[in-house]
Each structure stands twice: as structure tokens, then as C-alpha cells.
Amino acid sequence: MAVAYTPGLRVTADALIRQVRRLPMKGQVLVSAEQTVAADQVIARAEMPGNLQTLRAAQMLHIEPQELTAAVLKGPGEAVQAGDVIAETKGLFGLFKQEVRASVSGTLEDVSAVSGHVRIREKPRLVEVLAHFAGNVAEVIEGEGAVIEARAALVQGIFGVGGERRGVLRVVADGADQMVQASRLGDCRGCVLVAGGGADAQAIAAAAGAGATGLVVGAVRDEALRDYLGYDIGIAITGQEEVPMALILTEGFGELAMAHRTWELLTSLEGKLASINGATQIRAGVIRPEVIVTREGAAAGGAPKEPEQVLEVGSRVRVIRAPHFGKLGRVTAMPVELAEIETESKVRVAMVQLDALGQEPFDCAQGKQAPAERLVRVPRANLEIMQE
Amino acid sequence: MADVMRIVATDCGSTTTKAILIERRDDEYHLAGRGEAPTTVEAPFDDVTVGVLNAVGELEELTGERFIEARESKVESRKSDLGSRISNVDLYLSTSSAGGGLQMLVTGVIKTMTAESAQRAALGAGAIVIDVVAVDDNRQDHERIARIRSIRPDMILMSGGTEGGTVQHLLDTAELLVAADPHPRLGRGFRLPVIYAGNSAAREGVEKVLGDRVDLIVEPNLRPQLEAENLGPAREAIHRLFLEHVMAQAPGYDKLLTWTSAPIMSTPRAVGEMVQLAAREQGVDVLAVDIGGATTDVFSVFGGQFNRTVSANLGLSYSIGNVLAEAGTANIRRWIPVAVDEDDLRNRLRNKMIRPTTIPQTVDDLLIEQAVAREALRLGLLHHGALASGLKGVQQARTMADLFTQASAGGTLVNMMSLGLIIGSGGILSHAPRRQQAALMMIDAFEPQGVTRLAVDSIFMMPQLGVLASVLPEIAMEVFQRDCLVPLGTVIAPVGRAREGEVVLEWRIGTESGQLRAGELKRLALETGGTAEAELSPARGFDVGAGKGRRWTGTVEGGAAGVIFDGRGRPLVLPSDEQERLRKLGEWVRTAGAMPGGPS
């Protein structure tokens, strides 16, 4: 394979966000092209057909399936109420009559002379799609939804749970490496909380209990996530969890500080309305959780900068596996030959100059020699490219 | 066969397309080269042949030969050159699992009877079974309908009712399908193929209900009697429809189908063909496993009966979180020969889940991933054992002796004592830094009994050899034995009960001899390609393949791990005391030569 890279997550103060907001089925679109929409505005609506309930009518009446049509009292399309008699036999001289009553209210959908079944469709359910973030309608998808577009700050997380939520950003930690302080929570109704270093199980429960709609943190311990959900996540496809508050991790599991740049951006947006989504899919067609904050007064336009995807000498990187997990640095060399690592595997590696705490990152463009202790060899598969 | 000098075969996987070149030299067929490139079924390419040409292009670079006709340079554009094709070879063959493979819904009447037979038919044909609908699946009709709508299968296999059995349930299922109105995953506007292989008495009614709503194909009943299955016709129909419908709808396959000398085969089916051929040729029961990032495929041939299962959520990257959820931390920790705290273990596995393409750089991380692999393999075999079984629902005449042995119909066919060969595949096994690590992972996970050979498919070429076997089985087998299988050695595991330290086996292998005690793992070097005559005398009450206390004689084969004597007992129970467990694990791993940094 010629190219080895791990695309980094996007963290930017200004991006053009375009999202397709679509109904799960055909319905009615309530907005028009170029219209300005608010985050909580309903843009499309549909009636989801109710559940289909089957009654084994012929069997219940002790008749053959082909005799059912004559025994049914209502036709397809007619409304029925739970308990209504919908089919009956005449019996003998009015005696020994058998009848079938509707098990639910709805519409009689089908009477089958082949199987002898009657099917009742329950009442439809209303499904609505919101704009989710403030912006403009870039395109209307007839009968399905719309494409919403806005200039916004965007933070992609690495993992999340809980679906779409909206709330005002509020910072509840003192730094990128500081945990949530329960004492700072107070009334969190309508808030998306931000804490750098993470949150333990008690703080997560307290935030959810205080009415927060979301919590964005650097990391949590897996045990705290299990406590919050009440079960162990199996496959990393999330977003449908029944939790009161969406939880987004920007770095991973364990005790990890939020990346400085992410922390700076989120704290600078405190007080603004954030649209967040914890949905994550780590498979082909990867989906990462995200925080979107629409920039006020900015007109849509201009293509967003695509994340850098090729790892090369000079790339800013983050190490995403032990023993240097979470450290940032810059690639100084990309040896062609396979190199043997501690496990005795022979793999493609990169030489990475790690940033020292409190020091300027090493600038390979200026050809400075790196101190040996900060120069490490890392498998290329364990590097994530950081956007600069 | 004499005219075939050169064969190119490709396997278009979900992420990578692999090409191999087989050549005849000195009247023998050899693997002469291998190339790979990213699969290009998805956007922005939307054409599988781009990846095929790139993989074959790498073969060209490695061998200096030309296999691609009418192409000026390596394909890097978004569309492959229409004039390009594979040439300068006697045969070009391909398998495919790209685009998610063949995804099927199967239906039956009773879950453990006809629905299970339908599952076996679909899995054996190389499909991924995404749901099984049965009368007793504990779901309401509306739940079944919602599920069928959401999964969008490539095709449906309907079974149920033995001949002379139920008709009503088949009609119910047909009406359920009409209500769900499922659409195929690929190809807008084409009708979903539905294979009906149920009770022939219900055919007419099913045809009436499904009518022209689907593309209905009628095949003989796959479970005509409770005592017998007839899976062949349904499997052939699945294969035919896979080519005619699914492949024809997948991007670029219309072109690829015109390039190949024989029909394209689904990857798991091709592997299954090769496993069956190996079992036939070598006259042994075979277990083969392919453990990937998302799924684990298990294939077996026991007593001539082939079975395949897919554990869709057991894997070492995307699905590592599910192995944690299904096996639990205690089961994973028990295999790690160094102290790792539970909290740390959980966080490490979750970090692998969210960044699935990373690789272990430290010894601790490697040992943890190999521990997870043991649990994924163990669970994969458990799933396999449940489906690779005799027919359930069969009434048996019982003798008094059966009352004591508790033998029942529908028991698993998996017999670890009769098993002669285990083949491992997938990154964690094929690319383990030391071959001994692959051997130990398979021994710990599968707990083979008696005398069993171990091997890995080093570059996963069983798919290409499987499709070659459909045309030229002799060449496929020759290359399989010479270049595909990397022998790891032989494991000898006596089965019985003894106290720690008691002698359970006396052995003589070639000129060497010794004893094996309960709780011990020992290793005797026997190089790859080497064989030795063995005489194994188990202690009273112990069985090593010839019966309790009976001497076994035969030939054992060598490999990177040599001959491993496993006296740890079956089932393998690890010490409950933490320190003792770590001490024993460390001892076993070092004895097997599997500890990084330790002696090999």
C-alpha cells in the first residue's frame, strides 16, 4: 500500500457546514430554498405508518381461508376501533356464532383469502426533522427534506453517545487537563457543558441530573461510560441510546487532557448556542460525533478546507497508541525500510519529534536538530495527522 | 492442465484487493508473486476493476511481466480504462466480498429446524445471514416487518415445512414479505430475488401471494424430511443469483465478469471449497478460521460434512468492544501473562475500538491483543459448534446405553479429538511476530484434543485457490500445500483427569523420548518440513486419540513451533490465584517460545 495515513479529526473556528436533513420516508417539506432557519425549526414532517397487527381470523372462526371474505364485516381502508367485531360466522340458527374483534384501533388494511388473516394498521406516528443548526436552506429535496448550510465552528470528537441535542455552551473546568467540578454545575438546564480533562461517573450523573443536554470532555474511563449507559457498548455504532444527555469525547478513554486547540476553541465559544450529536460509527463510512456553533452574521460560501490526509516529513501528528499515547509532535523522517519494534513486528515507522511541555514545537523546516530523548520511532499506523 | 503455464487470481475484499500469480516451473506449480491495492467499489471510484488493475499492476512491477493489456500506465484516475483487461495469462479468476459481501435474510418455520437448515444453506454458499425469521423467533409481525424493511438484503431464502408438513406458515411468511415490501441493497428498480425452498405443497400459494412482487425462484425443499437436508440446490441457486443479480449490480462487476475465465465466486464460498478439498485430499477433519477486524469466519469439515459460520461481531479492531462485552474482562484478563489492572484493560480496548487501525507497539499491548484473540476465537468456535450440528427435531430410537451417555439428536458435529488439522488466518494469526504465538493462541482458544496439526495461511490466498479449485483442483491443491500453508507444528494433548504433577503421557518421537505431567506445557523442536514417527502412551484413563489408556502410533509433522505437548487438561482451567496464574502463563508462553524478547 503506497499511502499510510490516519485522517485527523476536524477542529476549526470557521468551516462551511452542509448537512442533508432527511425524513426516513416521504413527507412534507416545510421550508423553501434560501430561507433562513433556526436550529430548533421543523423543516420537514411525515406520518410514519403505524404497526401492522395480524389476526388469524379464519382460524379463530374455524373456517377455510377462502371463506373469510364473506365473513368479514368491514372492507380494506375502513377505520376500526379496538374491540369492534370485524368478522363473524352466522352460526346455526343464530347459535354458536363465532366472531373476531379488532385487537387495536386503526385501519383495516388487508383480508387474505390465501392465508385467512386480517391485518390492521395502527394509527400513524408524526415524525419531524429539525434544522439542528442555524443556517440557510441551500437545497430542498422534494418530499424528503433539505440541505442546511452555515458558516460555523466545528469540533469533531472521537467517540460519543446520545443523538442530536442543542444547548448553550458552558465551561465547567479550569483547564484542558482539569476534570468537571460538580460544585460548578448548579442548574444546567439547556446547557452543553465543556470540561477539559474529563468526568467521573458521579459528575456525569450529576450533569445529566441537573438538566444538561450535552457534555463535551477530553476523555472518560470506560467504567464511567458503562455506569452512565447501564451496559457495555459492543459495536461502535452509537447515537440511538436512551440517555438524557449526549456525551462526546474528543480524545479517547482513560485520563487524557483535551487537545489544547480544541479546548481553546470551545472555551472561546462559551455562551453561544451549540448543536451537538453524539452519533458515532466506526466502520466504513465513518461518522464522528460533532459540535457545531453557527457564526453569527457570516454568509455561507466558500468550500471548507478538507483535512490533510497524507503523512509526510513535516506533518504535525498526534500519537494514538501507547507508549506515547496522546503526545503531539512533528514527523522528521519516514524511513522506507521496515523497522523492528518492541513487539518484534516489522512495520513501517515514522520518526517523530515530540513537543516538550512548555517548549515550542520542533520546527523541522528550519532544520534544527532534535534532542535525542524527544525523538521517537512510532509505527505509521499509530499516528493521527493534526490540521494546522 | 499441461497447457496451463500461468494463472492470475484476485480476491476483491472489503478493503483490499489481492492478486496472486501462479506459474509452472519444472513441472511444478508455484506462487510466483503477490500484489495488493485498495478496493475501489466505493466512491470516488465506484468501479472494482480499478483496484484489480492496480493490484495486478503491482504484480507486474514485482515480476517484470505484463499482464494488463491496452493500458498505458497504472490506473490512478477515477475510472479504469475501458480497453484494459487481464491478458498474457492462461487463466484469470476472481473472488469477491467487496461491498459487504452477499447479505441474506433467511426464513423458516421452526428456528432450530428448517430455519437452521436455511441458515446452513446460506452460510455454506458464502453469505452473511443478517437475520433469521421464524414462527418461534419471539417477535410480533410488525417487529418482523420493521426489521425486514430496515436490513435491505441482497436476497431472501424461504424455507419451512417438511414435505407433507405445514403450508399455512409458509403463506404467512409470504404475506409478511409482501407487507414489508423489501428492496434490494444494490440496484434501484430491480426486483428482490427470493428463493423458495420450502414445502412443495405451499409453492402454489406462495407464488400467488408473492406473485410479481419479487423475483421468485423455486427450488426443491431444503429440508424435505426432519431426518434429511437437501441444501445443494438452494446453495447453487444462491451462487447463481449472486452472479446474475448481486454481482451484476455492484459497481464495475459487469466489466470484471467479462474478464474472468470462470464465474466469480464469493470469497467465503471459495475458502469453503478449499477447506473441503484439503479435508478430502488429506483424509482428515479440518477446522479453519479467519479472524478479521470486524468478523470471524469459521469453516469445518467433520466426518465429511462441511459447515461454515460467521460471527459478525467478533473481531480485533472494529468489533473489539463486542468481544469485551461478550466475553467480559475476566475472561480476557485470564490470558494475559503480565499484571494488567481491569480499568486499564478496558480503556486500552476502547481506545483500540475507536482507532481500529492502530497496532501494538509495546509488549503489553501485544499480549493484550493476543488475549482478546483467544476469546474471539473461543467464542467463534462456540457459535460454530452450535450451528455445525446434527439435525434437530429428529426422533431417535434409543437403547439403554443411550440413557447413560445422554446422547441427543442435534448435537454438535465439532469433535476436537477427531480433528486432524487447524488452519488459522487473519492478521493476528498470520502476522504474529512469532509463529509460536499463533500456535499458542489457537491451542488456548480451541483446546484441540489428541494429535492435531496446526498451520496458518500466511498471506490469505485460500480464496484465490478456492476459485482455482473449481476449475483445476490439482493445481490448487499443489500450491495450497507448497506455498499457502505455513506449518506451525503438531500439538499433542492427552484428555483425562489427573492431579497437578502426575504423569499423563510417555512419549517417543524419533530418537527423543520423555514424559508429560499434568499442568505442563512442553516443546520439542521439529523443523518445518520435517516429520517423525511418534509413539504416545497415555496414562490410564487418558486418551490421546486411540482410546483411554491406549497407545497411539503415527507420524507427526514439524513447524515453527515444533511439537507441543499440552498437559494442561481439557477443559483448560487456569489457576484462580492471580499470582499463580501469572506464573503459569509466563511459564507456558516462554516454553512455547512465544514471549517477545524471550528465547524462541
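This is a predicted model: local features need pLDDT of at least 70, side-chain atom pairs count only at pLDDT 80 or more; totals for chains, interfaces and linings use all residues.
Figure 1. Just after α3(B) comes B:Arg152, which takes a positive phi of about 45°.

**Figure 2. The parallel sheet of chain B.** Five strands of chain B make an open sheet in the order β8-β7-β9-β10-β11, with parallel pairing. At the edges stand β8 and β11 (215-218) of chain B, each of which pairs on one side only. On average, neighbouring strands of this sheet are turned by 25° against each other, direction ignored. Within the sheet, strand β9 (residues 155-158) and strand β10 (residues 193-196) of chain B run parallel and are joined by three bridges. B:Met158 has B:Tyr196 in β10(B) as its bridge partner. Strands of a sheet pair through backbone hydrogen bonds, either parallel or antiparallel.

Figure 3. A five-stranded open sheet of chain B has the order β3-β2-β1-β6-β12, and its pairing is mixed. Its edge strands are β3 (28-38) and β12 (265-266) of chain B, each pairing on one side only. Strand β6 (residues 91-96) of chain B pairs with β12(B) in the parallel sense over two bridges. Here B:Ser96 stands opposite B:Ser266 in β12(B). Helix α16 (residues 462-469) of chain B packs on the sheet and touches β1 (6-12), β2 (16-25), β6 and β12 of chain B. The direction of α16(B) makes about 120° with that of β6(B). Helix α17 (residues 473-484) of chain B also packs on the sheet, touching β2 and β3 of chain B. The direction of α17(B) makes about 80° with that of β3(B).

**Figure 4. Nonpolar cores.** The largest nonpolar core has 260 residues, of which B:Val8, B:Met104, B:Ala122, B:Leu157 and B:Met274 touch the most other members. Helix α12 (residues 363-387) of chain B gives the most to this core, with ten residues. Not counting residues up to four places away in sequence, the residues that B:Met104 touches include B:Ala122, B:Ile128, B:Ile130, B:Pro153, B:Met155 and B:Leu157. A second, separate core has 15 residues, among them A:Leu55, A:Ala71, A:Ile86 and A:Val111. In soluble globular proteins, nonpolar side chains tend to be buried together.

**Figure 5. The contact between chains A and B.** Chain A brings 39 residues to the contact, and chain B brings 41 residues. On the side of chain A that touches chain B, β5 (52-55), α4 (222-229) and β18 (246-253) of chain A each supply at least two residues. With three residues, β5(A) gives the most to this side. The residues of the side of chain A that touches chain B divide into 17 nonpolar, 13 polar and nine charged.

Terms used: Residues are numbered from 1 along each chain as its sequence is written. Chains are lettered from A and ligands numbered from 1 in the order in which they are written. Two strands pair if DSSP finds at least two bridges between them. Helices (H or I, at least four residues) and strands (E, at least two) are DSSP runs, numbered from the N terminus. Two residues are in contact if their C-beta atoms, placed from the backbone, lie within 7 Å. Axes are lines fitted to C-alpha atoms, for helices over the stretch in contact, and angles run from 0 to 180 degrees between N-to-C directions. Ala, Val, Leu, Ile, Met, Phe, Trp, Tyr, Cys and Pro count as nonpolar, Asp, Glu, Lys and Arg as charged, and the others, Gly among them, as polar. A nonpolar core is a set of buried Ala, Val, Leu, Ile, Met, Phe, Trp, Tyr and Cys residues joined through C-beta atoms within 7 Å. A residue is buried if 20 or more other C-beta atoms lie within 10 Å of its own, exposed if 12 or fewer, and partly exposed in between; C-beta atoms are placed from the backbone.
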